Amino acid sequence: MSKLVIQGTVLTPEDGDAYAAAIRRNSDLSQLPAKLVAQPVTYTDVVDIIAYAKSQTPPIEVAVKGGGAHPATWASSDGGIVVDLSKLKDVTVLTDKKSVVVQGGALWGDVYEVLSKEELDVVGSPLWFVGVGGYTLGGGYGPLSGTHGLAIDNLLSATVILADGRIVEASANSEPELFWAIRGGGGQFGLVVEFTFKLYPSSGPYGTGVIVYPGDEMENVIKVIQGWKAGQTPFERFTINFSRSAPHWKPSIVMLPWVAHDENGERSKTVLKPFLDGPIKPVFQRLATVPNMLVVSHGADASLGTAPRRLSIRGTLFSDFFPELLLGVWQRWVEFTEGNEDVRSSTVIWDLTSPKKLAEINVADTALKTRVPHYWMVVQGRSTTDASTPTANDFAKSITSYVREKNATLSGTDLGFFVNMAGGDEPPETVFGEQLPRLRRAKARYDPGNFWTKGFPIEPARD
Ligand SMILES: Cc1cc2nc3c(=O)[nH]c(=O)nc-3n(C[C@H](O)[C@H](O)[C@H](O)COP(=O)(O)OP(=O)(O)OC[C@H]3O[C@@H](n4cnc5c(N)ncnc54)[C@H](O)[C@@H]3O)c2cc1C
């Protein structure tokens, strides 16, 4: 076997800690033992890696790692090459300050680091360690989606390296079909080395923090959420967590607010009033006003830092915060986490961001299948032992299926699953819906030999 030589670094298992760090993922369950990890520092390095992989007999599998946050094993490879983009993470604000060019291996924290100094905002992840690459190619729901839509709705262009080694510009005017496919279709069309996003003046400072209610208030909390939601504007949102934590491990409802334009904490006081001074009183609250998204994105560091590393993450979409749906999941989660100490830190997370803006885009304009107003939720099955891992995985799978089915019954619409929070084994039809035939045609055009195999299978159309 010939040797892979690039200007960047190539690591093998013999490289010890450096190799171990390079194959590490957000969840231990997403990690596979790559034969080689290639860390390009130039775009031609990527072209050389592709050529090398194809020249082997048989051709060697190539996986691409952006931030390594995805729950599936797509950014890892068992015996193949991982292209680890961590050395391609420059972030450049263009002189008119209306757009930013972000390299394909940047994390959202890298982006916020630069934008916070310029008092600018972009639609990105609420957490710093999520990669710009995977997040954007899967759609990209963020705190600013209420005002500006999804990450893909703010993507102006991308520089993509195709399986045949060509480096192409994808935008509304250049390779428009590729531009359509990478906005929601995932990473199976090419390796994106640059994304250019629209920028906005910052909507900070931001009110953030935590408000906790005891589990026996669940029904009342749902009533407060319903009332609050009726007057919700795009400038405030919540993440709602079903959670147990030490030392008591009692079921709790943990509400994480985000309030834009929170000068001196004034908007938070008004917007969060129903949750602080309403019919139910929190057992704990800690609120703060922080200057920018960089600080917001580090808000969960302490709690995530202590979470078990065996994470089975799966999510799905839902149409509304139906009390019956929330209560059904609550009962199942309480029962599951009550019975087994190994999995009791498993959580269920509901995203309550105003969905109007993301529904303003025509469904044919991007590859994302769901453009009716909707929300997303995710289950984090957390296990402290290998023995309990299948149980946590089954739980995540059964709850997301339950939410999908129950939501379909209550709303009359089956929203299916979505790329960013998929387990990876969902049928592609349930993730891409009616977009799948067009995605298959785009695949036939840009990757006819099916070189990029990691991700949901999108078979190149043969007609
Ligand atoms: C704690 C947590 C919170 C999250 N919160 C949100 C959220 O609020 N909103 C949301 O939408 N999603 C969220 N996600 C999901 C996240 O967006 C996806 O998991 C996303 O795929 C992560 O991107 P990544 O680059 O870190 O992932 P990776 O695991 O590195 O990659 C995921 C997929 O994208 C491909 N890929 C990555 N970069 C590139 C590139 N440059 N070119 C081509 N292909 C590439 C990979 O090959 C792989 O198939 C969250 C995930 C976690 C773990």
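Q: Which residues does Leu115 touch, not counting residues up to four places away in sequence?
A: This is a predicted model: local features need pLDDT of at least 70, side-chain atom pairs count only at pLDDT 80 or more, and totals for chains, interfaces and linings use all residues. Residues are numbered from 1 along each chain as its sequence is written, and side-chain values use heavy atoms, with hydrogens and water left out. Contact means heavy atoms within 4.5 Å. With residues up to four places away in sequence set aside, Leu115 touches Val93, Val100, Leu120, Asp121, Val122 and Leu199.

Q: Where is Leu115 found, and is Leu115 buried or exposed?
A: Leu115 is found in helix α3, residues 108-118. Helices (H or I, at least four residues) and strands (E, at least two) are DSSP runs, numbered from the N terminus. Buried means under 20% relative accessible area, exposed over 50%, partly exposed in between (1.4 Å probe, protein chains only). Leu115 has 1% relative accessibility, so Leu115 counts as buried.

Q: How many Å apart in space are Leu115 and Val93, C-alpha to C-alpha?
A: Val93 is among the residues that Leu115 touches. The two are 22 residues apart in sequence, and their C-alpha distance is 7.9 Å.

Q: Why does Gly185 count as buried?
A: Gly185 lies in the loop between α6 (176-182) and β10 (191-198). Leaving out residues up to four places away in sequence, Gly185 touches Leu137, Ala367, Phe432, Leu439 and Ile458. Gly185 counts as buried because its relative accessibility is 0%.

Q: Which residue does a polar contact join to Asp84 by side chains?
A: Asp84 sits in strand β4, residues 81-84, and is buried, with a relative accessible area of 2%. A polar contact is a pair of N or O atoms within 3.5 Å; within protein, one must be able to donate a hydrogen and the other to accept it, and residues adjacent in sequence count only if both atoms are side-chain atoms. At 2.9 Å, the side-chain partner of Asp84 is Gln39.

Q: How many salt bridges does the rule find across the interface of domain 1 and domain 2?
A: In this interface, 13 residues of domain 1 are in contact with 17 residues of domain 2. A salt bridge is a side-chain nitrogen of Lys or Arg within 4 Å of a carboxyl oxygen of Asp or Glu. Between domain 1 and domain 2, the rule finds a count of 0.

Q: Which helix gives the most to the side of domain 1 that touches domain 2?
A: The count between domain 1 and domain 2 is 3 residue pairs in polar contact (both at pLDDT 80 or more). On the domain 1 side, 5 residues come from the helix that gives the most, α2.
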